[in-house]
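Hello,

Here is the structure I promised to pass on. Please open it first, then read my notes below.

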Amino acid sequence: MPFRIIIVGGGIAGLAAAVALRSPNHEITILEQSRLGTEIGATISLQPNATRILQQTWGLNHLLDHAKGTVDCGFRVYNVEGRLVNEVALRSKTQYGADRIMWHRQDLHTYLKDAATTEERDGIPAILRTSSRIRNCDCQSGAVTLENGEVLEADLVIAADGVHSAIRTSVLEEEVKPKPTGLSAYRFMVSTKTLEEHAPDFAAKIKPAEPYTPMIMAHDCRLIMGPARNGDMYSVVGLVPDERMNEDPDSAQSWITKGDPKKMLETYKDFPIWAKEMLKQAKNIGLWQLRDLDPLHTWNRGRVILIGDAAHAMLPTQGQGASQAIEDAEALGAFFNDAEENCMRDDVPDILRRVINARHERVSLIQKFSRDAAKPATENGSSEIKMRPGEFMDYNCLYRGAREWEERQPAEQVEGSSSTLDELRLGPRESVPTPIATPSA
Ligand SMILES: Cc1cc2nc3c(=O)[nH]c(=O)nc-3n(C[C@H](O)[C@H](O)[C@H](O)COP(=O)(O)OP(=O)(O)OC[C@H]3O[C@@H](n4cnc5c(N)ncnc54)[C@H](O)[C@@H]3O)c2cc1C
């Protein structure tokens, strides 16, 4: 009898979990509410800690060619007058054993979907069911009920249903809503050719096909940019405090929300002329109010575990959201595949406890770092930029997988409310520093 796994959500966390758990004994079904294919045009960067897992642990050796990723060579920080004030070269492969790679989100998503469902890899291919929205979940029995009333049962249920997770309420037995962080993000893509033709000063200054992450930092607004699809496309993320963005933050709850080009330009009116030249080329702008979670006291109940944004949504200021989801998936693979030979239904809660013990403290700290990296880039009235893009890189990127991490942790550290976690748990919303974020895209 194969071990049955249901994954709720076919985003990066859900697909990565399917890749990690593929085995001759695991029957995996991914239930995704959407029809997929609606991913907004935007880039996402995976940090060396995640790239290492994809390439070295899961053997996705064609990742760079097939998914058209771009290896990032460094951060270039400009001040609001347009002067280059800091350049941080990234030597990730030498320092961390793997690259920081920038992707078009659709390309990375499609690549992971193929790796999970192809017949050509070892293990039973995962079955992806789209237009399958989960209504609720019985954590003890592992039964999930779809919107159409169909009930499916599994030995293990992985809730990868994103920041607004419905299953989180079943796991925690209370509703924990993600908090507005005071920041919103504009996102759009534009072809490099368009920039060269219609924003020549920007193209001459930034050289959009070059594999770098330029950032322009004002006191409380930022533009973070980078190439995608081998330099054919250019991606821009604009971080802005809610109160400065001239749009209604409450309407900006999903990627589908459209940003207004005029209001965006108004927000960035103090930015260099060459940067505004580039902003004027934006056609299809997404707008997203950034929300995150305080560390949850657990991610597990019965046979259900929360992973990815459902468990630990964080600000994108370090580009670690998807990378942490991939680390979660690696941990599931490490501990369930360990037990694979004779994994029984009854073993699930113990294995999940092991997964959480190896993951919870690290991710909670990275959630905190992501808030720290959102502090104002300058002192009020000064143009000196305090933000250091590489500040947390060592902690984030020197990770070598869940088993190695487990060996360093005291057992059961995360159960209950440890003092470490209490220290990590952040205060109420008012105590979050005035928002301004850093790199990621
Ligand atoms: C502006 C911005 C920039 C970012 N940049 C980066 C970056 O550069 N690098 C990085 O690592 N991270 C970045 N992140 C974070 C990253 O996008 C997320 O952490 C990551 O996508 C989370 O993946 P996920 O699979 O957990 O959630 P999601 O991507 O939200 O996927 C959840 C999936 O579950 C499905 N779903 C939801 N409810 C149900 C249901 N009831 N039934 C069935 N299906 C359901 C949804 O349709 C969706 O497909 C950024 C985030 C933002 C907002």
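Helix 1 and helix 12 are roughly parallel to each other, where roughly parallel means an angle under 35 degrees, roughly antiparallel over 145, roughly perpendicular 65 to 115, and oblique the rest. Their axes come within 8 Å and cross at roughly 25°. Helix 1 covers residues 12-21, and helix 12 covers residues 321-338. Helices here are DSSP runs (H or I, at least four residues), strands are E runs of at least two, and both are numbered from the N terminus. An axis is a line fitted to C-alpha atoms, for helices over the stretch in contact, and angles run from 0 to 180 degrees between N-to-C directions.

Before you go on: this is a predicted model, in which local features need pLDDT of at least 70, side-chain atom pairs count only at pLDDT 80 or more, and totals for chains, interfaces and linings use all residues. Residues are numbered from 1 along each chain as its sequence is written, and side-chain values use heavy atoms, with hydrogens and water left out.

The crossing of helix 1 and helix 12 is right-handed. The contact residues of helix 1 and helix 12 are twelve nonpolar, two polar and one charged. Nonpolar covers Ala, Val, Leu, Ile, Met, Phe, Trp, Tyr, Cys and Pro; charged covers Asp, Glu, Lys and Arg; the others, Gly among them, are polar.

Helix 1 also packs with helix 5 (105-117). The angle is about 30°, with the axes 8 Å apart. That makes helix 1 roughly parallel to helix 5 too. This crossing is left-handed. Ile 12, Leu 15, Ala 18 and Val 19 of helix 1 take part. From helix 5 come Leu 108, His 109, Leu 112, Lys 113, Ala 115 and Ala 116. By class, that contact has eight nonpolar, one polar and one charged residues.

How many residues of helix 1 are buried? Ten of its ten are. Buried means under 20% relative accessible area, exposed over 50%, and partly exposed in between (1.4 Å probe, protein chains only). The buried residues of helix 1 also pack against strand 1 (3-8), strand 2 (26-31), strand 3 (43-46) and strand 12 (156-159).

The UniProt record, an unreviewed entry, places a "signal peptide" at residues 1-18. Such annotations may be inferred rather than shown by experiment; feature names are shortened, and positions follow the numbering used here. In the model, the end C-alpha atoms of residues 1-18 lie 19 Å apart. That span is 39% helix and 33% strand.

Helix 2 (residues 48-57) is mostly covered, with eight of its ten residues buried. Among them are Pro 48, Arg 52 and Leu 54. Gly 59 follows helix 2 and has a positive phi, near 65°.

Last, look at the loop between strand 15 (222-228) and strand 16 (233-241), where Arg 229 lies. Most residues other than glycine have a negative phi. Arg 229 has a positive phi of about 50°. Asn 230, in that loop as well, has a positive phi of about 55°. Arg 229 is partly exposed, at 23% relative accessibility. Asn 230 is exposed, at 54%.

Best wishes

Notes
A crossing is left-handed if the near helix is turned anticlockwise from the far one by less than a right angle, and right-handed if clockwise. Contact means heavy atoms within 4.5 Å.
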